[in-house]
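Biologist: I'm new to this one. Could you show me how to read a helix and then the core around it?

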Amino acid sequence: MSYWTEKVAVVTGASSGLGRQIATALAADGASVVLAARDSTPLDAAAAELAQSASRVIPVVADVTSQEQVDRLVQHTIDEFGRLDALVNCVGVSSRGRAIDTSPDDFARSMDINLLSSVRCTRAAAPHLLQARGHLVNIGSLSGKTASRYLGAYPASKFALTAYTQQLRLELGPEGLHVLLVLPGPIARDDAGFRYADQAADLPATARQPGGGVKLKGIDPRKLAGRILRACERRRAELIVPGRARLLFALQQLSPRLGDWILRRMT
């Protein structure tokens, strides 16, 4: 029997990309999964695909920038299943632009989606997760440990998520909640290299590439989803992909100038 059999998980941003792959992996391992996303059409398509598994899969339309809708999402989960064992905060937005040209409104939008959405969902789900001694998973980014050029407000918002996740780990870990921060590089996707064409029109060509041109191979979201589940089972604190990025993080702390030099060489 799988570790996830009879457990209940909520995955936000579950209609596409990594969120959808995490939901798929959870359902395949026997968990009941509540899929949450803002747009009903791709959400229903994802739910229909996952419904082929033996697990219960429920789609819930929810905008995680609304506390009311987040509260309703969590309450719907409890009404349906009576428990909540895992919350995966996978909603996020990235961008391109010079930091000096990025407006306060752009920073606020990125913070709302990349940080405050996780704050809303976590606060709503925490009592149930603590009761189950369950799992809180925040999907961050390599940019949450070290910034890169031309990513606009994205690194600042992901740095904030990293700090928030560490606070939760320190405060709620002793109460039994497992808190996992996932820090992946660029995820492989069909529109890689094209999705930021408009935002990066006045930037160097590398800014249009995944991760702002970072010299890393796109990560297979299916494989990453499996690694996230295994990291939960082992109750790890962080999952960094690729693992060699840890060396850059350490060097950046020891010598910011050296870290910046390496970043310029890597992007």
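Biologist: Which residues are buried in helix α2?

Modeller: This is a predicted model, where local features need pLDDT of at least 70, side-chain atom pairs count only at pLDDT 80 or more, and totals for chains, interfaces and linings use all residues. Numbering starts from 1 along each chain as its sequence is written, and side-chain values use heavy atoms, leaving out hydrogens and water. An α-helix has 3.6 residues a turn, so residues three or four places apart point the same way. Helices here are DSSP runs of H or I, at least four residues, and strands are E runs of at least two, numbered from the N terminus. Buried means under 20% relative accessible area (1.4 Å probe, protein chains only). In α2, residues 40-50, that applies to Leu43, Ala46, Ala47 and Leu50. They cover an arc of only 100° around the axis, so they sit on the same side of α2; the arc is that of the directions from the helix axis to the C-beta atoms.

Biologist: What covers the buried residues of α2?

Modeller: The cover includes α1 (17-28), β2 (32-37) and β3 (57-61).

Biologist: And how many residues has the largest nonpolar core?

Modeller: A nonpolar core is a set of buried Ala, Val, Leu, Ile, Met, Phe, Trp, Tyr and Cys residues joined through side-chain atoms within 4.5 Å. The largest has 35 residues, with Ile22, Leu26, Leu35, Ile139 and Ile228 making the most contacts inside it. Apart from it lies another core of 27 residues, Ile58 and Leu87 among them.

Biologist: How much of the whole chain is buried?

Modeller: Of its 267 residues, 49% count as buried.

Definitions and conventions. Buried means under 20% relative accessible area, exposed over 50%, partly exposed in between (1.4 Å probe, protein chains only). Contact means heavy atoms within 4.5 Å.
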